[in-house]
Amino acid sequence: MNTNDLKLINQLMNNARSTWAELGTLIGLSAPATADRVRKLEESGAIMGYAALVNPEAVGCGLAALISLAIENQEYRPQIIKKIGELAEVLECHHVAGDVDYILKVRCAGTRALERLISDELKAFPGIKTKTTVILSTVKETPVLPLRIGGE
């Protein structure tokens with residue numbers, strides 16, 4: 001991946017609605033050539049997709065929490081991972097080192113929805129231990145990666 005690819009990715013992370021012409025100006029290519037370059041970045045998997053950034057509270061998902069998940073019986077791991085992938089409330093799932101196996105970032109409508117998620121969905125498997133931390137407020141949350149472009 002070269003500097004121009006990183007410039008395109010950085011611009012699209014900051015403004016995915018940039019036009020081909022705007023992107024082309026950034027890297028000194030025509031709009032069609034830029035479109036081809038972005039398409040190649042998409043095909044290679046460097047750009048995985050595009051999404052609108054939505055205010056969670058505005059759409060009824062105001063409660064955020066981190067759930068530490070410890071799996072005592074590793075025999076159930078594949079089914080647990082499959083279930084986590086199916087749960088819309090789970091925004092992120094990270095396999096971590098330490099006392100727990102996974103840390104989940106979840107968003108729910110409120111405490112009842114969080115309780116249902118933990119009690120009915122996650123703890124439906126035997127030998128699951130959870131520790132939940134409710135997020136009171138968020139100081140920083142961004143999808144923008146810290147790219148180093150051309151020695152910057």
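**Exercise 1.** How do the residues of the lining of the largest pocket divide into nonpolar, polar and charged?

*Solution.* The model is predicted: local features need pLDDT of at least 70, side-chain atom pairs count only at pLDDT 80 or more, and totals for chains, interfaces and linings use all residues. Residues are numbered from 1 along each chain as its sequence is written, and side-chain values use heavy atoms, with hydrogens and water left out.

Step 1. On a 1 Å grid over the protein atoms alone, a pocket is an open set of points where a 1.4 Å probe fits, with protein on both sides within 12 Å along at least five of seven lines; lining residues have an atom within 4 Å of a point.

Step 2. The lining comprises 40 residues, and Ala-51, Ala-52, Leu-53, Thr-142 and Pro-143 lie nearest the centre of the pocket.

Step 3. These divide into 26 nonpolar, seven polar and seven charged residues. Here Ala, Val, Leu, Ile, Met, Phe, Trp, Tyr, Cys and Pro count as nonpolar, Asp, Glu, Lys and Arg as charged, and the others, Gly among them, as polar.

Step 4. Helix α1 gives the largest share of this lining, five residues.

**Exercise 2.** Describe how helix α3 (residues 31-44) packs with helix α1 (residues 3-14).

*Solution.* Step 1. The angle is about 85° and the axes are 11 Å apart; axes are lines fitted to C-alpha atoms over the stretch in contact, and angles run from 0 to 180 degrees between N-to-C directions.

Step 1. Angles of 65 to 115 degrees count as roughly perpendicular, and α1 and α3 are therefore roughly perpendicular to each other.

Step 2. With contact meaning heavy atoms within 4.5 Å, Asn-4, Asp-5, Leu-8, Ile-9 and Leu-12 of α1 meet Thr-34, Arg-37, Val-38 and Leu-41 of α3. This contact has five nonpolar, two polar and two charged residues.

**Exercise 3.** Which residue forms a salt bridge with Lys-129?

*Solution.* Step 1. A salt bridge is a side-chain nitrogen of Lys or Arg within 4 Å of a carboxyl oxygen of Asp or Glu.

Step 1. The partner of Lys-129 is Glu-72, with the closest N and O atoms 3.5 Å apart.

Step 2. Lys-129 lies in strand β4 and Glu-72 in the loop between β1 (63-71) and α4 (77-86), so the pair ties together parts 57 residues apart in sequence.

Note on methods: Helix = DSSP H or I, 4+ residues; strand = E, 2+ residues; numbered from the N terminus. Parallel < 35°, antiparallel > 145°, perpendicular 65-115°, else oblique.
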